[in-house]
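User: I would like to go through this model with you, one question at a time.

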Amino acid sequence: MSDTPADPLPVRALNQVTYCPRLYYLQYVDGVMPVNEHVEAGLFDHRRVDAPELQNKTRAEGNTTTSRGITLCSKRLGITAVLDVIEEKNGEQYPVETKHGKAPHDADGRPTVWENDAVQLCAQALLMEEAFGQPVRRGYQFCASSRVRVEVQFTDELRHKTLAAIARCRELEQADKPPEPLRPEERHKCFGCSLAPVCLPEETLFHITRPAAPVAEQSTGTLLRRVIPTSDDGAVLYLQEPGSVVGKRSEHLIIRKDGHQLGQVPLHAVRHVVVCGNVQVSTQALQTLLENDIRISYLTGHGRFLGAVVPAVAKNITLREAQFRRFSDPAVCLQLAKAVVRAKIHNQRALLMRCLRGEEEIRGSDEPAARDLWNLLRGLDDAENLETLLGIEGQGAALYFSQFGRFLKPAPTGGGFDFQSRNRRPPRDPVNALLSFAYAMLAKDCFAAVCTVGFDPYKGFFHQGKHGKPSLALDLMEEFRPVIADSVVLTLLNNQSLTKSDFLIWRDACQLTDRGRRTFFAAYEKRKATEISHPVYGYRMSYARMLEVQARMLAAFVREEIPYYTGFMVR
Ligand code: SF4
């Protein structure tokens, strides 16, 4: 245990820990700070008390003196606060805190305050008593929406709860994983919680309460109450015009080439920027993107993922510690690798059966390749080490790609695409070029997902020992290769959205033209925005959102919050 005194806790943390200990942990220990409409509304309601020109100012009105924005700190209690308002009337001082929303009502219909808000106000009173040497017996909460002021008495019971909240915060700071999500009787709180998309309360409890991993074929698609958004807000901006320069003006990105403006994009509409090939991004634009928590991924003109510039690393060091510890354990690596290889082969088989269904009036499952893939799945649990598992994965890929050419429909006008076998570095024909490009795009999205959660993307459990490779991103992408990347490739080719004129072949290397890439980007984003039912949780979400949910469930497993990780398997 360190002798260094802990940083004082903001009294807002006492509010959070009383509302939900897991919320406190995610926000103050892991350092996650998303903003939803409730938080934004709170900031809006605070705009007057937070105005810099009013800080530390005292004003008298009638027999009441009002001081705003007073900072108080107590070493003894280990807490600090910037008090919205301290009023003094008839020789009595008391705090007044502004809150968004309406005041709740007690059993007699009188306006009251939530317990967590009362604890926060009481902590302010404790700070005032220590700073000014006078007892503070009551305070007020001003509810901005209903414009009601509610009195709170600082009883012994409330003071005791406030001190207990401080102790609970200190205890949680020492824990290496968050406490469990709230139990069903308190679950209503999750619907207004700004951290629900990070916490995944229903999903985490689902796995905690089931001792064994569900299998997709047996899953009933349990319908959980969804408390997270179906899809992500904001678009992915692809920059690929060779020789163009991206700068920043006001709240927009400006794309220019040869002195001409090619376009401008409002920053608020962008979630991720992808730079392909010879495009320059100015330092100012880069800084602004990072300040706005927007990632920048770099791809070569051939689509190879080079790396990413990501906002400052997430604060949750406990996750990265657990990642390095758990991914050094061969048994844990094997358990996880089995989950992702099972999901990958399952999804390859599902796509194969879908593509070949109806051919010569047979069911997809009658295909010899589908049967062989099924047999591989059945033998997967017996794999005793990663080498054996790599062999099984390789056999699965060989079986799947031996049939991939049959997934391609002949073009009605002739001149369709042909696929013999997988080749890469460089890909030598259009289908392989497209597959490589799709995998690179998926790798950059998985890289973003594991970084968002707080993992180190270079320490994986399956793709180990590949120096300089984002191994964990590659591990996560296995289960999504068939359902996102291969599916986009097949859609583009079978719908004739791409023709042979969209590819360039030079010295045995094939790549997409600029027009071909534009068409690909549109189809890829459309696929990611497609909503599907989660095979285990039952509710609908986009593939883009699914990537992050899977990364978060992997984090929950790594921190030993849940007993197993389940790969995403289509039904
Ligand atoms: S979603 Fe629910 S369990 Fe999770 S942090 Fe928020 S309130 Fe707590």
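User: Which handedness does the β-α-β unit made by β5, helix α4 and β6 have?

Analyst: This is a predicted model, in which local features need pLDDT of at least 70, side-chain atom pairs count only at pLDDT 80 or more, and totals for chains, interfaces and linings use all residues. Residues are numbered from 1 along each chain as its sequence is written. Helices (H or I, at least four residues) and strands (E, at least two) are DSSP runs numbered from the N terminus, and a crossover is right-handed if, with the strands pointing away from the viewer, the path from the first strand over the helix to the second runs clockwise. For β5, helix α4 (residues 115–132) and β6, the unit is right-handed.

User: How many bridges join β5 to β6, and how many pair β6 with β7?

Analyst: Strands pair if DSSP finds at least two bridges between them. Strand β5 (residues 92–99) runs parallel to β6, with four bridges joining them, and V96 stands opposite Y140 of β6.

User: Which residue in the turn between β6 and β7 has a positive phi?

Analyst: β6 and β7 form a hairpin with four residues between them. The turn residue with a positive phi, of about 50°, is R147.

User: Which helix gives the most to the shell around the ligand?

Analyst: The shell draws at least three residues from each of domain 1 (9–173) and domain 2 (184–214), with bounds from an automatic or database domain assignment. Both α2 (21–29) and α6 (196–199) supply at least two residues of the shell. The most, three residues, comes from α2.

User: How many of the residues of α2 are buried, and what covers them?

Analyst: Contact here means C-beta atoms, placed from the backbone, within 7 Å, and what covers the buried residues of α2 includes α1 (11–19), α5 (156–173) and α6. Just after α2, G31 takes a positive phi of about 75°. Within α2 itself, the number of buried residues is nine of nine.

Conventions
Buried ≥ 20, exposed ≤ 12 C-beta atoms within 10 Å, placed from the backbone. Contact = placed C-beta atoms within 7 Å.
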